Amino acid sequence: MTAPVTPPTPASAQDAGVVASADRLRHGFPRAARVRAKAEFARVFETGKRRAEPDLALHWLEDAAPARLGLAVSRKVDPRAVGRNRIKRALRETFRQLRPQLRPGAYVIVARRGAAQADAAALRATLQRLLRRADALPAPAAVGTMPAATSSHPPIDPAARMRGPETADE
């Protein structure tokens with residue numbers, strides 16, 4: 001009789017890293033969600049809407065296809081590849097999370113010099129502001145402590161406003 005065969009388990013940290021990177025690829029950023037062709041970049045730059053902040057510029061061309069991202073981070077922004085890749089990673093992850101809420105179209109984000117000093121949270125906030133200003137991302141729901149339909153004040157009569165304050169002497 002032979003013993004049942006069990007699947008091998010990762011023997012080293014390197015093997016565990018391979019499993020983790022395969023997981024990341026499944027939940028990553030698909031090729032269909034990217035602006036890749038030079039002609040498409042040119043079309044977005046020529047005919048798209050443009051919004052800018054000191055760290056980032058957004059070019060957006062609305063079309064029927066789902067939201068796609070193109071990134072432009074030059075050596076002028078950060079001469080080191082590590083810095084440019086950090087910026088791209090942060091922007092790509094933010095876009096990936098916001099993609100279901102975005103209007104269809106091609107989005108090209110151009111990093112500016114200030115992006116090299118910004119951390120991931122600042123880049124995320126800047127990108128969200130730009131997308132809202134371009135009307136590509138809906139505004140967040142108002143957060144408050146009181147429900148909108150509940151009010152302790154009686155409704156105001158518009159005619160009473162025009163008459164002015166009433167006095168008890170009349």
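This is a predicted model: local features need pLDDT of at least 70, side-chain atom pairs count only at pLDDT 80 or more; totals for chains, interfaces and linings use all residues.
Helix α3 has a buried side. Its buried residues are Gly83, Arg84, Ile87, Ala90, Leu91, Thr94, Phe95 and Leu98. Seen down the helix axis, these residues fall within an arc of 130 degrees, so they line one face of α3. Val82 and Arg89, on the other side of the helix, are exposed. The buried residues of α3 pack against β2, β3, β4 and α4. Thr94 is one of the residues of α3. Its relative accessible area is 3%, so Thr94 counts as buried. Beyond its neighbours within four places in sequence, Thr94 is in contact with Arg124 and Leu127.

The nonpolar interior was examined next. In soluble globular proteins, nonpolar side chains tend to be buried together. The largest nonpolar core of the model holds 29 residues. Leu102, Tyr107 and Leu131 have the most contacts inside this core. Two or more residues come from each of β2 (56-61), β3 (68-72), α3 (81-98), β4 (106-111) and α4 (120-133). Helix α3 gives the largest share, five residues. Another core, of six residues, lies apart from the largest one. Among its members are Val35, Phe41, Leu61 and Ala106. Leu102 touches several parts of the chain. With neighbours within four places in sequence left aside, Leu102 is in contact with Ala67, Phe95, Tyr107, Leu131, Ala136 and Leu137.

The aromatic rings were then searched. The whole structure contains three aromatic pairs. One of them is stacked: the rings of Trp60 and Tyr107 lie 5.4 Å apart, centre to centre, with 10 degrees between the planes. Trp60 belongs to strand β2 and Tyr107 to strand β4, and the pair links distant parts of the chain, 47 residues apart. Both Trp60 and Tyr107 are buried. Together with Phe95, Trp60 and Tyr107 form one aromatic cluster.

Pro100 sits in the loop between α3 and β4. With a relative accessible area of 71%, Pro100 is exposed. Pro100 and Pro66 are 34 residues apart in sequence, and their C-alpha atoms are 9.0 Å apart in space.

Charged side chains also pair up. The structure holds eight salt bridges. In one of them, Arg68 meets Glu40, and the closest N and O atoms are 2.7 Å apart. This pair links distant parts of the chain: Arg68 is in strand β3 and Glu40 is in helix α2 (residues 38-47), 28 residues apart. Both Arg68 and Glu40 are buried. Arg68 also forms a salt bridge with Asp63, with the closest N and O atoms 2.8 Å apart. The relative accessibility of Arg68 is 8%, so Arg68 counts as buried. Asp63, at 23%, counts as partly exposed. Salt bridges with shared partners join Glu40, Arg43, Asp63 and Arg68 into one network.

A further salt bridge joins Arg129 and Glu53, at 2.9 Å from N to O. Arg129 lies in helix α4 and Glu53 in the loop between β1 (49-52) and β2, so this pair ties together parts that are 76 residues apart in sequence. Arg129 is partly exposed, with a relative accessible area of 40%. Glu53 is buried, with a relative accessible area of 13%.

Technical notes:
Residues are numbered from 1 along each chain as its sequence is written. Side-chain values use heavy atoms; hydrogens and water are left out. A nonpolar core is a set of buried Ala, Val, Leu, Ile, Met, Phe, Trp, Tyr and Cys residues joined through side-chain atoms within 4.5 Å. Buried means under 20% relative accessible area, exposed over 50%, partly exposed in between (1.4 Å probe, protein chains only). Helices (H or I, at least four residues) and strands (E, at least two) are DSSP runs, numbered from the N terminus. Contact means heavy atoms within 4.5 Å. Rings of Phe, Tyr and Trp (its six-membered ring) pair if their centres lie within 6.5 Å; planes under 30 degrees apart count as stacked, over 60 as edge-to-face and the rest as tilted. The arc is that of the directions from the helix axis to the C-beta atoms. A salt bridge is a side-chain nitrogen of Lys or Arg within 4 Å of a carboxyl oxygen of Asp or Glu.
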